[in-house]
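The entries follow the order in which I looked things up.

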Amino acid sequence: MKVDCINYGFERKRKVNFNGITQKMPQYSIRTIKDLTDQYELCRYAKFYEALDDKIFPQNKQIRQENFSFLERIPDYLKLKFVWLYRWVTNFPNLTKASEKIEQEFIKQIKNADNSMVKAVIAGYDPVCSVGLRKAFPGSDLDKAYIILDNFGGGNMPEQEIIARYKGVLWHNTDQRILSLNNENTFPEVYTIDQTFDILDRLDRLTRKAGLDKNMDYFLGKREFDINPVSAGEFNIKLARTNDGSEISKVNAKNFAYFIESVRDGKLVYNADDNLYKIITRRISESPFAQMSNVTQMGAHTRLITSHMKPIKTKFKYREFLSMMFGTLPEEQQFEIVKDLVRSVSKDQSQRYSILFKNDDDIGKRFDRLNVLLV
């Protein structure tokens with residue numbers, strides 16, 4: 001279980017003890033397709049990638065390099081078979097089917113993580129990320145994914161411990177070859193219904209106390225087409241300036257804003273209870289904070305892209321071309337591309353096919369400017 005995934009600290013000082021060092025993958029002798037299949041099966045496990053903590057544990061990169069070394073040991077007579085094995089597991093090079101498989105894996109593991117204490121009610125993610133646009137490579141992450149749980153009670157177990165256990169099941173069981181939970185800031189945000197409503201109550205009180213609810217129409221307008229993080233996030237910036245931390249810390253207010261906007265504007269892919277879903281959506285519609293918050297600009301990006309006012313990323317166009325042409329490429333090139341795709345789950349691919357992965361701009365830097373103003 002990852003500290004980045006678990007977010008144990010909401011209004012508590014309790015910490016999660018964990019070891020963020022990548023585990024070494026067993027390396028088998030590869031002489032037959034069964035050997036290769038068994039070796040590749042190990043790539044499903046997150047513990048062999050561990051890409052969240054590279055800044056803390058720089059040895060992770062070296063260990064991952066060793067883990068991926070089996071790719072260099074595949075004999076020539078098995079290379080094309082490995083390409084077909086990869087295609088069978090992931091649905092590559094059909095980007096639509098590969099993206100659908102990522103979404104299906106997300107839903108599968110949500111259900112798998114349900115237990116006697118909590119059950120997922122709804123879940124979703126950013127509709128204009130690579131998966132939502134059906135342009136994803138296998139092992140892509142889900143941008144701004146969220147899960148809301150119904151908590152049945154866990155005796156004396158703290159709610160955050162219950163959530164941590166739920167997240168741990170997601171972490172350990174998700175097939176990373178299909179859906180990566182292993183990159184910075186991409187693990188699904190998980191809250192219970194009670195937590196969601198409690199935090200909304202706090203933030204709504206802050207919003208009204210600051211008088212920002214009186215400018216509802218102005219801030220709702222910013223949600224329409226403004227995609228500059230700083231100007232679009234004006235409401236959240238002003239709220240942060242008035243937040244003295246008595247109701248909720250600035251960091252937790254910022255993190256919750258990203259979560260609640262995903263619930264508000266994201267693509268709903270899982271709904272286990274229509275009545276609870278209606279209760280959640282009604283509460284959001286009645287919340288001045290939830291209505292005016294705009295740290296993600298998700299709604300604006302969705303409107304601009306679906307109306308063709310904003311082009312899709314250049315890398316997606318190259319991916320479309322690769323999808324059409326992959327079967328016509330020389331076998332050795334197919335193998336080299338698949339090797340890079342296997343490594344891309346933890347961002348360890350080479351620069352040889354960088355046009356397939358590189359964004360048009362540095363999104364992280366743009367949002368860094370906003371996040372500094374929020375805390």
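What volume does the second largest cavity have? I read about 50 Å³ for the second largest cavity. The model is predicted, so to speak with its own limits: local features need pLDDT of at least 70, side-chain atom pairs count only at pLDDT 80 or more, and totals for chains, interfaces and linings use all residues. Residues are numbered from 1 along each chain as its sequence is written, and side-chain values use heavy atoms, with hydrogens and water left out.

Entry, cavities. I searched the whole structure and found two cavities of 30 Å³ or more. A cavity here is a set of points, on a 1 Å grid over the protein atoms alone, where a 1.4 Å probe fits but cannot get out; lining residues have an atom within 4 Å of a point. Grid points are joined across faces, edges and corners, and a volume is the space filled by probe spheres set on the points.

I noted Y40, C43, Y49, Y86, P138, G139, R177, L341, V342 and V345 as the lining of the second largest cavity. By class this lining has eight nonpolar, one polar and one charged residues (Ala, Val, Leu, Ile, Met, Phe, Trp, Tyr, Cys and Pro count as nonpolar, Asp, Glu, Lys and Arg as charged, and the others, Gly among them, as polar).

The largest cavity has a volume of about 110 Å³. Of its 13 lining residues, N236, A240, K250, A253 and K254 are the closest to its centre. I find that α7, α10 (234-242) and α11 each supply at least two residues of this lining, and α11 gives the largest share, four residues. Helices are DSSP runs (H or I, at least four residues), numbered from the N terminus. The lining of the largest cavity divides into nine nonpolar, two polar and two charged residues.

Entry, α7 and α11. I looked up how α7 (residues 193-209) packs on α11 (residues 250-265): the angle is about 120 degrees and the axes are 11 Å apart. Axes are lines fitted to C-alpha atoms, for helices over the stretch in contact, and angles run from 0 to 180 degrees between N-to-C directions. The two helices are therefore oblique to each other (under 35 degrees counts as roughly parallel, over 145 as roughly antiparallel, 65 to 115 as roughly perpendicular and the rest as oblique). T196, I199, L200 and L203 in α7 meet A253, F256, F259 and I260 in α11, where contact means heavy atoms within 4.5 Å.

Entry, α10 and α17. The axes of α10 and α17 (residues 363-374) come within 8 Å and cross at roughly 30 degrees. That makes α10 roughly parallel to α17. N236, I237 and A240 of α10 make the contact with L370, L373 and L374 of α17.

Entry, α2 and α4. I have α2 (residues 33-41) and α4 (residues 76-90) at an angle of about 45 degrees, with axes 11 Å apart. That makes α2 oblique to α4. Among the α2 residues in this contact is Y40, and among those of α4 is Y86; both Y40 and Y86 also line the second largest cavity.

Entry, loop between α4 and α5 (95-113). P93 is in this loop, and a cis peptide bond joins F92 and P93, with omega about 10 degrees. N91 is in the loop too and has a positive phi of about 75 degrees although it is not a glycine.

Note on methods:
On a 1 Å grid over the protein atoms alone, a cavity is a set of points where a 1.4 Å probe fits but cannot get out, and a pocket is an open set with protein on both sides within 12 Å along at least five of seven lines; lining residues have an atom within 4 Å of a point.
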